Amino acid sequence: MSDWKNTIDRTPLNLPTRPRRNRRSDAIRRLVRETHLSVDDLIQPLFVVPGEGREEPIGAMPGCAHLSLDRLAAKVERLASLGVPAVALFPALPDDIKDPVGTESANPEGLMQRAIRACKDAAPGVMVVGDVALDPYSSDGHDGVVEDGEIINDPSVHILCEMAVSQAEAGVDIIAPSDMMDGRVGAIRDALDDAGHTDVLILSYCAKYASAFYGPFREALDSAPRAGDKKTYQMDPANAREAEREAMLDEEEGADILMVKPALPYLDVIYRLREVSNLPIAAYHVSGGYASLMAAGQRGWLDADKALAEALLGIKRAGADMILTYYAERFAERA
Ligand code: PBG
């Protein structure tokens, strides 16, 4: 047992090259590093609730909270001081305000519109991404209007256009349609332009999959579909060529940035969109991807900070230029 050091064969192998030379020290590892993840790459999603002085932890998403507008403003100031370039807002509305056509979504004094203004007042340099879809406002919990059990495309798009213009009037910098209705990018571009908002960007959720990884988010917003699922509009997880088709369409319709969602386990889709488009590519490291690692970390099964940083690096390496992640603030604090 103790004399093994004298028994092993130390004859050098005649190797043409030794990749380990480039890993021998921290210095050489830094020099040969191919991918760098920085706070510049990250967008922090935030959940807004009515009221004041509310900062209520979200059970299924450790480290995330429901924020009232005053707390939201403080949070955005903090993110600005940490150098986070953007936030993405999602409103959590009480049920009694929801209806089948999401009327509240275009209310100029709605929670979302006030949240956008609060963010721009608190930290004008931080870009605000506005989610455009019906589900936070819909009594059916779907991203479009439900009629006789079907999600009807074109009427939904008209509503999404009004929602987008309303958010633009409130000062949003980026409109992010997450609904997956056909033709909504072009229609929203036209509606924004007609209303004089030619400078508002469109970040299109172009390849958004019908995924089980949205579970914690739906719990946070209480936005799960009341009936059925989202498979007639969100993509089949089995398909990658179809993502390229969606990307081409959204590019033609005037998207400024294309997004893949979830980011994990769809790294191949990020890679493919990077290959077929010259637009910037965003990826959404969604609630389930975040919560599962946080939960394992809480149980002591892995180091959640290291695992999350590694997951984000993988998403960047696959080809994402920017990542929406609930881990943005903590990443910035530790950077
Ligand atoms: C819906 C929407 C979803 C998410 C963002 N916007 C969920 C869904 O499609 O049901 C999920 C984000 C996450 O899981 O972090 N418009």
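**Pockets, cavities and packed helices**

Student: Which residues lie nearest the centre of the largest pocket?

Tutor: The model is a predicted one. In it, the lining of the largest pocket consists of 17 residues. Those that lie nearest the centre are Gly63, Cys64, Lys75, Tyr326 and Glu329.

Student: Which element gives the largest share of the lining of the largest pocket?

Tutor: Two or more lining residues come from each of β1 (42-48), β3 (65-67), α10 (287-298) and α12 (328-334). The largest share is 4 residues, and the element that gives it is β1.

Student: What volume has the largest pocket, and how many of its lining residues are charged?

Tutor: The volume of the largest pocket is about 240 Å³. Its lining includes 10 nonpolar and 2 polar residues. The number of charged residues in that lining is 5.

Student: How many charged residues line the largest cavity?

Tutor: There are 3 cavities of 30 Å³ or more, and the largest cavity has a volume of about 100 Å³. Its lining includes Asp131, Asp135, Asp143, Lys208, Arg218, Lys230 and Lys261, together with others, among them Phe90 and Ser178. By class, 3 lining residues are nonpolar and 2 are polar. The charged residues number 7.

Student: Which residues of α9 make the contact with α8, and what is the handedness of the crossing?

Tutor: On the α8 side, the contact is made by Arg241, Ala243, Glu244, Ala247 and Met248. The α9 side gives Val269, Arg272, Leu273 and Val276. By class, this contact has 6 nonpolar, no polar and 3 charged residues. The crossing of α8 and α9 is right-handed.

Student: Is α10 roughly parallel or roughly antiparallel to α11?

Tutor: α10 and helix α11 (residues 304-318) pack with their axes 8 Å apart, at an angle of about 155 degrees. Angles over 145 degrees count as roughly antiparallel. Therefore α10 is, relative to α11, roughly antiparallel.

Student: How many charged residues are in the contact of α10 with α11?

Tutor: Tyr290, Leu293, Met294 and Gly297 of α10 meet Ala304, Ala307, Leu308 and Ala311 of α11. The residues of this contact divide into 7 nonpolar and 1 polar. As for charged residues, there are none.

Key:
Residues numbered from 1 in each chain as written. Predicted model: local features only at pLDDT ≥ 70, side-chain atom pairs only at ≥ 80, totals over all residues. Heavy atoms only, no water. 1 Å grid on protein atoms, 1.4 Å probe; cavity = no way out; pocket = protein on both sides within 12 Å on 5 of 7 lines; lining within 4 Å. Points joined across faces, edges and corners; volume = space filled by probe spheres on them. Nonpolar A, V, L, I, M, F, W, Y, C, P; charged D, E, K, R; others polar. Left-handed = near helix turned anticlockwise from the far one by under 90°. Contact = heavy atoms within 4.5 Å. Axes fitted to C-alpha atoms, helices over the stretch in contact; angles between N-to-C directions. Parallel < 35°, antiparallel > 145°, perpendicular 65-115°, else oblique.
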